[in-house]
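Dear colleague,

Please find below the structure that I am handing over to you, followed by an account of what was found in it.

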Amino acid sequence: METSSLLHTFVTVICLMTGWLADYGNAQLVNCKASDRETLIDFKSGLVDPKNLLSSWEGSNCCQWWGVGCNNWTGDVIVVDIHNPDKVPESCGLRGEIRSSLANLSSLEYLDLSFNAFIHNQIPIFFQSFKKLQYLNLAYAGFDGKIPPNLGNISTLQHVDISSLAFSTNLAADDIRWVTGLTALKYLAMDRVDLSMVGSNWVEAFNMLPYLSDLHLSACNLPSPPSFLNFTNFSSLAVLDLSHNIFHSFPQWLVNVSSLMYIDLSFNSIWDSIPVGFTKLPNLRFLNLWGNGLTASTYQLFEESWSKIEVIQLGFNFVQGNSIEGNIPNSIFKLCSLEYLDLSYNNLTGSLPEHLEGTKYYLYESPLPHLQNLVLTRTRLVASVIDLSRNTLTGSIPKSIGNCLYLEVLDLQNNNLSGKIPRSLGQLSDLQTLHLRDNIITGKLPSSFKGLWSLETLDLGYNRLIGKIPQWPGDAFPHLKVLSLRSNAFSGKIPSALLNLTSLKILDLAENQLSGSIPPGMSNLNAMTQEQNIKQDLIYGWVAGVYYEENVIVNTKGQSLEYTRTLSFLTCIDLSGNYLHGEFPHEVTKLAGLVVLNLSRNQISGQIPQSISELHQLASLDLSCNMFSGPIPSSIISMSFLEFLNVSYNNFSGRIPYAGQMSTFEASSFSGNPGLCGAPLAVECSDSGPSIPGLNGEIDYGDGYIVDKWLYLAIGLGFAAGVLIPYLLMAFKRTWSYMYFDSVDKVADALLYLGCKTSACFRNHCYHRR
């Protein structure tokens, strides 16, 4: 979509490059001017080239050198494109001095030094000598200091990119009026250039450029522009990125720029209302107002709004009393090009609309909401993400959402939705993440969900679902990574088929009415058997650089935490708050990647196995309020990742292994066990009590094998006696020492002879084997 918004600029660049490419293709037909060749040689001598990018800069014809293009008729150098091919800012690119002799290339039209490492270099003032220059790209090349205003003297420039790297350079401009001299300019990017000193009238300078189509000024510390302009001259402006600045008011003059196709005002500090005329921009396709404090009604936004819009991001505007308010009108479904809609973190109310308005304008007159099943020739106009989370929506989930056949994300969590889950959702075979958490949804888990074979996250926690958890999810969801049915009213046993979910990393069945024992087969959860060391971003619904980031709330370390970007590192089993009995499932100890284990508030009995220490990545262990007995295993002191432990209110006995990582926990972690003694409890252990590894000189080597330190002392004393006693005897009787060392020499000679003979035989044997 953004590519289409840059069509004007793209065509311009293609036109400019056509002549240059023709010259490249016929470079062998003409030799470059000798003066230009000498200029490039001198330019090269001032550079440091760690990757040998300029290794071809030899010979007499510079038109055949890498990155150099010539006019096919005159031999003048017109292109110098020596950008870092890796396009990784400041990584092993060219560095050094940009010599002023480069100004001798009087015919230069195209100069690209981007992604190099000209750190601590200022943009050269002599660039103004390039009177024919049309394309200048200095982006992410490490330049700092002030942007020379004399760049405005190059009236032929059409494309300028001097974007900077945040925090690594200090590129700035105190005055922006020099751009008014670039009367042919079509593309300007100055992202992350410090423009905090240019004053509030900076927009008027750009308003003087009638051909400007793309303007990128993200993260420039720009102050708020005037709300109104005396006249609007942006007749060609299609792309406007003013994100991550410090605006406080909405630029009202945008309503008069009818050519706009892309607007990004996200992450400013705009505490203002969205002007009414803004929704009537006829060509707008991308709108991002995320992360401000804007005020508007949904009726105002969607009643007569953008006919070509593809992406709308209005999320997170609930700031200091401001928000997008109201219910979602049926008219929103007139936006038939819409691909991405984000209204999260606002103050939406009312119910979700059930019927589609405006279908009479399209090929199929079907009441299908959320922009689904509108087919035009070979193109299906669909929304891949519906995120209406964290609002106050009421009513039931519309059945017609099931017609969103290409939907990847449905996030309706944290609302007040009620009723049953519509069976039609089972038609969403492309759905990858489904969040209905924290609503008032009732009924059973619909069997139609068997059709959600692409599902990776299923979060139905904190609702009022009832019935038994069926066996079929174990076979229906081969890709499922997150299953949360927390805080419902599910009953019966934990289905053993759930342990067939080999991709599962989070299993949360806490706070239900489940009974029976924990089924065997925990080791089948393959994704939990591997230690989690690789970060993977869980993102869905990528549209024009916008995506939905997965989020899951997990109870760990005694609190609820939301995981997003670190979610790929988390593995969790939470079965707390049920009626489970039986013994501790020993197969859990084979889940080497497990980070959170919570079996608290059940009726589980038996002992904790010594093999619990095999859970090397376990950070949170809660076994409180059960019927566990016996000693706390001594091997637990070796679990260096353990940050939270709660074994309170059980029947554990014996001395607490208060050493290693265990010494970091307080008495509350062990309270409610009458048979426990020793630190950190105030109860002292009797002398006849069992010995605890790590205390009183014992060392635990795992698997229950314990060695007392007195054994090592005995071995040491025996070794000392064996050495000292012969020494003392020989010291008193010197003839004995002669006899002793003479016999040692004879034995050594015999062994040496035997060894050499054996070695020779071995070499002969190996030789013949070959």
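Why is the disulfide of Cys-63 and Cys-70 left-handed? The torsion about its S-S bond is about -105°, and the disulfide is therefore left-handed.

Before the remaining findings, two remarks on the basis of this account are in order. The model is predicted, so that local features need pLDDT of at least 70 and side-chain atom pairs count only at pLDDT 80 or more, while totals for chains, interfaces and linings use all residues. Residues are numbered from 1 along each chain as its sequence is written, and side-chain values use heavy atoms, with hydrogens and water left out.

Disulfides and other cysteines

The structure contains three disulfides, a disulfide being a pair of cysteine sulfur atoms within 2.5 Å. One of them joins Cys-32 to Cys-62, with an S to S distance of 2.2 Å. This pair links distant parts of the chain, 30 residues apart: Cys-32 is in the loop between α2 (7–25) and α3 (34–45), and Cys-62 is in the loop between β1 (47–48) and β2 (68–70). Here helices (H or I, at least four residues) and strands (E, at least two) are DSSP runs, numbered from the N terminus. Cys-32 has a relative accessibility of 8% and therefore counts as buried; Cys-62, at 0%, counts as buried too. The term buried means under 20% relative accessible area, exposed means over 50%, and partly exposed lies in between (1.4 Å probe, protein chains only).

In the disulfide of Cys-63 and Cys-70, the sulfur atoms are 2.1 Å apart. Cys-63 is buried, its relative accessible area being 3%, and Cys-70 is likewise buried at 3%.

The disulfide between Cys-677 and Cys-685 has an S to S distance of 1.9 Å. This link is right-handed, with 100° about the S-S bond, and both Cys-677 and Cys-685 are buried. When the bonded cysteines are counted along the chain, the disulfides follow the pattern 1-2, 3-4, 5-6.

Two further cysteines may be of interest to you. Cys-220 counts as buried because its relative accessibility is 0%, whereas Cys-625 counts as partly exposed because its relative accessibility is 34%.

The annotated span

The unreviewed UniProt entry carries the annotation "domain: Leucine-rich repeat-containing N-terminal plant-type" for residues 34–71. UniProt positions are given in the numbering used here, feature names are shortened, and annotations may be inferred rather than shown by experiment. In the model, this span is 32% helix and 13% strand, and its end C-alpha atoms lie 14 Å apart.

An open sheet is formed by three strands in the order β15-β17-β19, with parallel pairing; two strands pair if DSSP finds at least two bridges between them. The edges are β15 (296–297) and β19 (347–348), each with a single partner strand, so one side of each is left without a neighbour in the sheet. The parallel pairing of β17 and β19 runs over two bridges, and Glu-325 stands opposite Asn-347 in β19.

Asn-317 is located in the loop between β16 (311–313) and β17 (324–326). Is Asn-317 buried or exposed? Its relative accessibility is 0%, and Asn-317 therefore counts as buried. Tyr-345 is 28 residues from Asn-317 along the chain, and their C-alpha atoms are separated by 6.7 Å.

Yours sincerely
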